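Let's walk through this model together, one stretch at a time. Keep the sequence and the 3D view side by side as you read.

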Amino acid sequence: MGSPYAGFLESCSLCRKPLGLNSDIYMYRGDTAFCSEECREEQMDLDEARERNWKGSSRSVRTSAGAEDSSAGKIFQTGTLVVA
Ligand SMILES: [Zn+2]
């Protein structure tokens, strides 16, 4: 079985700089490696922005999911109106 994590510690997850065995490696979320604190912070910022986007879009998802028990057709129209 091929490992999806093969080489995950070989290069910086952000700038792809090769990580040497003797160089510092900055871990993030347990499975992401960075060459420097700067790269790790950059990734944190990116993740934060992405999570904010998820929250923004999950609002309309929750709206349609909550109305799902009544009628799928109606919900879709309501959801479309909300989004528009
Ligand atoms: Zn880097």
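R16 sits in the segment before β1, where strands (E, at least two residues) and helices (H or I, at least four) are DSSP runs numbered from the N terminus. Although R16 is not a glycine, its phi is positive, at about 65°. R16 counts as exposed because its relative accessible area is 59%; the cut-offs are over 50% for exposed, under 20% for buried and in between for partly exposed, using a 1.4 Å probe and protein chains only.

Before going further, a word on how to read this: the model is predicted, so local features need pLDDT of at least 70 and side-chain atom pairs count only at pLDDT 80 or more, while totals for chains, interfaces and linings use all residues. Residues are numbered from 1 along each chain as its sequence is written, and side-chain values use heavy atoms, with hydrogens and water left out.

Stepping back to the whole protein, you will find two helices and two strands, and along the sequence they follow the pattern β-β-α-α. Of the 84 residues, 15% are buried.

Now turn to the zinc ion. Its protein donors are the SG atoms of C12, C15, C35 and C39, lying 2.3 Å from it; donors here are N, O and S atoms within 2.8 Å of the metal (3.2 Å for Na, K and Ca), and as water is not among the atoms, sites may look incomplete. Along the chain, these donors follow the spacing C-x2-C-x19-C-x3-C. Within this set, C12 in the segment before β1 (26-28) and C35 in the loop between β2 (32-34) and α1 (37-66) link distant parts of the chain, 23 residues apart. The arrangement is tetrahedral because the four donor atoms subtend angles of 104 to 116° around the zinc ion; for four donors, that label requires all angles to lie between 85 and 135 degrees. For reference, the ideal angle for four tetrahedral donors is 109.5 degrees.

C12 and C35 are both buried. The largest nonpolar core has seven residues, C12, L19, Y28, A33, F34, C35 and C39; such a core is a set of buried Ala, Val, Leu, Ile, Met, Phe, Trp, Tyr and Cys residues joined through side-chain atoms within 4.5 Å. Leaving out residues up to four places away in sequence, C35 touches C12, C15, K17, L19, D24 and Y26, a contact being heavy atoms within 4.5 Å.

S36 also lies in the loop between β2 and α1, and its relative accessibility of 17% is why S36 counts as buried. The S36 side chain reaches the backbone nitrogen of C39 at 3.2 Å.

What about the loop between β1 and β2? R29 has its place there, with a positive phi near 55° in a residue other than glycine. R29 is exposed, with a relative accessible area of 53%. Its side chain makes polar contacts with the side chains of D47, at 3.3 Å, and E51, at 3.0 Å. A polar contact is a pair of N or O atoms within 3.5 Å; within protein, one must be able to donate a hydrogen and the other to accept it, and residues adjacent in sequence count only if both atoms are side-chain atoms.

Finally, consider confidence. Mean pLDDT, the predictor's confidence in each residue from 0 to 100, is 74 for the protein, and 57% of residues reach 70 or more. Confidence is highest in β1, at 93, and lowest in helix α2 (residues 72-83), at a mean of 49. Where pLDDT is low, the predicted coordinates should not be read in detail.

Key. Tetrahedral: all angles 85-135°; square planar, octahedral: opposite > 155°, others 65-115°.
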